[in-house]
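Subject: Structure handover

Hello,

Here is the structure we talked about. Please look through it first, then read the notes below it.

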Amino acid sequence: MTRLVAVDPGRNKCGLVLADTATNAVLEGKVVAAAAVLDLIMHWQNQAPLAGILIGNGTSSEYWQNLLRHIAPLHVVEERGSTLRARHRYWELWPPSNWRRWLPRGMILPPHHLDAIAAMVLLEDHLGQQLLWAGPPNFRIGP
């Protein structure tokens, strides 16, 4: 199992995804307060070694790079447009139901924070393939 973490960095909250590249599956995805990012990544690292951390080059990226570079090899990637791509990817993973399915996707907003999906999009771009997300969206902001 090759485990990678992707981070969509931010000042107040960050999106994180833990993925297994051997199975192309998201193992866990969360939107957490900035203060909880290191604890979550260290928790994942303690479960099993991380092969690397991928981080977007956007908001506060340099701050996060300095904190994360000692945990696992760090890869910095372009994140321009990742939020719009995350919205599209959200509806691919969890298509709208009821009357919302008849609306154009651009007119409806996902009911969750998209930071974890943005992190997943960054990782998918880096790997050159889409990942599977088997569970329901659960992006509660918190530890």
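Helix H4 (residues 115-127) lies across E1, E2, E3, E4 and E5, and runs at about 45° to E2. Helices (H or I, at least four residues) and strands (E, at least two) are DSSP runs, numbered from the N terminus. Axes are lines fitted to C-alpha atoms, for helices over the stretch in contact, and angles run from 0 to 180 degrees between N-to-C directions.

The model is predicted: local features need pLDDT of at least 70, side-chain atom pairs count only at pLDDT 80 or more, and totals for chains, interfaces and linings use all residues. Residues are numbered from 1 along each chain as its sequence is written, and side-chain values use heavy atoms, with hydrogens and water left out.

The sheet

The five strands form an open sheet in the order E3-E2-E1-E4-E5, with mixed pairing; two strands pair if DSSP finds at least two bridges between them. Strand E3 (25-33) and strand E5 (74-77) are at the edges with a single partner strand each, so one side of each has no neighbour in the sheet. From one strand to the next, the twist averages 20°. Strands E1 (residues 3-8) and E4 (residues 52-56) run parallel and are joined by four bridges. Ala6 has Leu54 in E4 as its bridge partner. Helix H1 (residues 37-47) also packs on the sheet, where it touches E1, strand E2 (13-20), E3 and E4; contact means heavy atoms within 4.5 Å. The direction of H1 makes about 10° with that of E2.

Helix H3 and its neighbour

The buried residues of H3 (residues 82-93) are Ser82, Ala86, Arg89, Tyr90 and Trp91, and they pack against H4. Buried means under 20% relative accessible area, exposed over 50%, and partly exposed in between (1.4 Å probe, protein chains only).

Glu124 lies in helix H4 and counts as buried, at 7% relative accessibility. Leaving aside residues up to four places away in sequence, Glu124 touches Arg89, Gln129, Gln130 and Leu131.

Aromatic pairs

There are two aromatic pairs in the structure. Rings of Phe, Tyr and Trp (its six-membered ring) pair if their centres lie within 6.5 Å; planes under 30 degrees apart count as stacked, over 60 as edge-to-face and the rest as tilted. Tyr63 and Trp64 have ring centres 5.1 Å apart and planes at 80°, so this pair is edge-to-face. Tyr90 and Trp91 are also an edge-to-face pair, at 5.0 Å centre to centre and 85° between the planes.

Regards

Technical notes: The expected span of a helix is 1.5 Å times one less than its number of residues.
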